[in-house]
Amino acid sequence: MRFVATTAGRQNLLVTLWLRSAEEVHRLEAELAARHPAVLVQDRTIALRTAKRMGRIFDASGCGVASVPLAPWAEPTPR
């Protein structure tokens, strides 16, 4: 689990997960339903590959192979 937030409205929980495969989503949802029958999954979005996260660059297998220095206070460069 990478991120959890409450939101206003009928769908009031947002969860971000990093899983090893798309098949794990079904297992996770089944386990959630078994443990908490009142929870209803309204929607899901799956990103199949993350190329970069927080300055780390990943290879095709998901292993961190390089880093890009983060400079959060630097002025943005024009494109």
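Residues are numbered from 1 along each chain as its sequence is written, and side-chain values use heavy atoms, with hydrogens and water left out. Because the model is predicted, local features need pLDDT of at least 70 and side-chain atom pairs count only at pLDDT 80 or more, whereas totals for chains, interfaces and linings use all residues.

**View 1. The largest pocket and its lining.** The largest pocket holds about 1700 Å³ of space, where a pocket is an open set of points on a 1 Å grid over the protein atoms alone at which a 1.4 Å probe fits, with protein on both sides within 12 Å along at least five of seven lines; its volume is the space filled by probe spheres set on the points, which are joined across faces, edges and corners. Its lining comprises 38 residues, and Val15, Thr16, Leu17, Leu19 and Thr45 lie nearest the centre; lining residues have an atom within 4 Å of a point. Strand 2 (13–16) and helix 1 (23–35) are the elements that give two or more residues to this lining, helices (H or I, at least four residues) and strands (E, at least two) being DSSP runs numbered from the N terminus. By class, the lining has 20 nonpolar (Ala, Val, Leu, Ile, Met, Phe, Trp, Tyr, Cys and Pro), 9 charged (Asp, Glu, Lys and Arg) and 9 polar residues (the others, Gly among them).

View 2. Salt bridges that share partners join Glu24, Arg27, Glu31 and Arg35 into one network. Glu31 is partly exposed at 33% relative accessibility, while Arg35 is exposed at 60% (buried means under 20% relative accessible area, exposed over 50%, partly exposed in between, with a 1.4 Å probe and protein chains only).

**View 3. The salt bridge between Glu29 and Arg44.** The closest N and O atoms of Glu29 and Arg44 are 2.6 Å apart. Glu29 lies in helix 1 and Arg44 in the loop between helix 1 and strand 3 (52–53), so the pair ties together parts that are 15 residues apart in sequence. Glu29 is partly exposed, with a relative accessible area of 22%, and Arg44 is partly exposed at 43%.

Notes
A salt bridge is a side-chain nitrogen of Lys or Arg within 4 Å of a carboxyl oxygen of Asp or Glu.
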